[in-house]
Each structure stands twice: as structure tokens, then as C-alpha cells.
Amino acid sequence: IEPIKGEFRQTVGPASCKILALKESADHPQLVGTSRHITQGLIDVKAEQWGAADKTLSGKSEVVGDDPYELRIALPVGEWKIAEVKTDCSDCEIRVVSEEPGTARVVIESPTNREIEWAVSFQ
């Protein structure tokens, strides 16, 4: 959704639901949620930090084996492009699945349950 200022209203139809993960806007990319749980990272993201010097968003997450784990990243207005994605997991697959103005999604696939360190660098 677009940035919210003031009041926010949304209609939800019968027998349906919507999940919103809200964070205060920042001048750098930030993690707004994950695909692991309805809590959008509360139980699985163990650390997250922005490195302004190297323009890298990094963190630690608990992932479930054979369950694609998606990082959902908000991009501020401007020309933010992913330069590199990496993890400390040698047998994991990591890839960018979406990169559009305002948002990016990165998927990590691990063959086993584990805690991993990940990093998404921007240019």
C-alpha cells in the first residue's frame, strides 16, 4: 500500500482477511515482513540491521527446511537496486523474485531447519 499519513481505512469482505505489516518510513531499505508466519517476522527474524556505509540490509532468521522463506523489503523513493544477495548457508538457494519501485522480495531455500545469516546489498 502507499505510505499512510493520518487515518487509514480498508474494507475487508465477508469471510476474508488481510494482513498488514506497518513500519515507520526510513530513508533506506528495510525489512517489513517474511513469509514464515502471520506475525511477519516476529518469531523468525532474530536480528536485522542497516549498514549505511556499504548499503547492506542484513539479519539472522530461523528458517524451516524445504519451505521457501521470503524476505519482504520496503524500498524508499529513489533509485534503489539490489546489487547482491548472500547467506552463510552453503547449501541454500537464494534469489531475488521481485524488484519493483517501492518493494523487493528475496527467497531463501534451505534443505534443513536452521538459523541463517543473510545480506542484501544495494546500489
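This is a predicted model: local features need pLDDT of at least 70, side-chain atom pairs count only at pLDDT 80 or more; totals for chains, interfaces and linings use all residues.
Residues are numbered from 1 along each chain as its sequence is written, and side-chain values use heavy atoms, with hydrogens and water left out.

Back to the strands, which are DSSP runs of E, at least two residues, numbered from the N terminus. S4 (residues 69–74) and S7 (residues 103–109) pair antiparallel over six bridges; pairing takes at least two DSSP bridges between two strands. They belong to an open, antiparallel sheet of four strands, ordered S1-S4-S7-S6. S1 (30–34) and S6 (93–100) sit at the edges with a single partner strand each, so one side of each has no neighbour in the sheet.

Now the rings. Phe, Tyr and Trp rings (the six-membered one for Trp) pair if their centres lie within 6.5 Å; planes under 30 degrees apart are stacked, over 60 edge-to-face, the rest tilted. That gives three aromatic pairs. Trp50 and Trp80 have ring centres 5.8 Å apart and planes at 75°, so they're edge-to-face. Trp50 is in strand S2 (residues 45–51) and Trp80 in the loop between S4 and S5 (82–87), so this pair ties together parts 30 residues apart in sequence.

What about Trp80 and Phe122? Their centres are 6.1 Å apart with planes at 85°, so that's edge-to-face too. Phe122 is in strand S8 (residues 114–122), 42 residues from Trp80. Both are buried, meaning under 20% relative accessible area, with exposed over 50% and partly exposed in between (1.4 Å probe, protein chains only). Trp50 is partly exposed, at 22%. Ring pairs link Trp50, Trp80 and Phe122 into a cluster.
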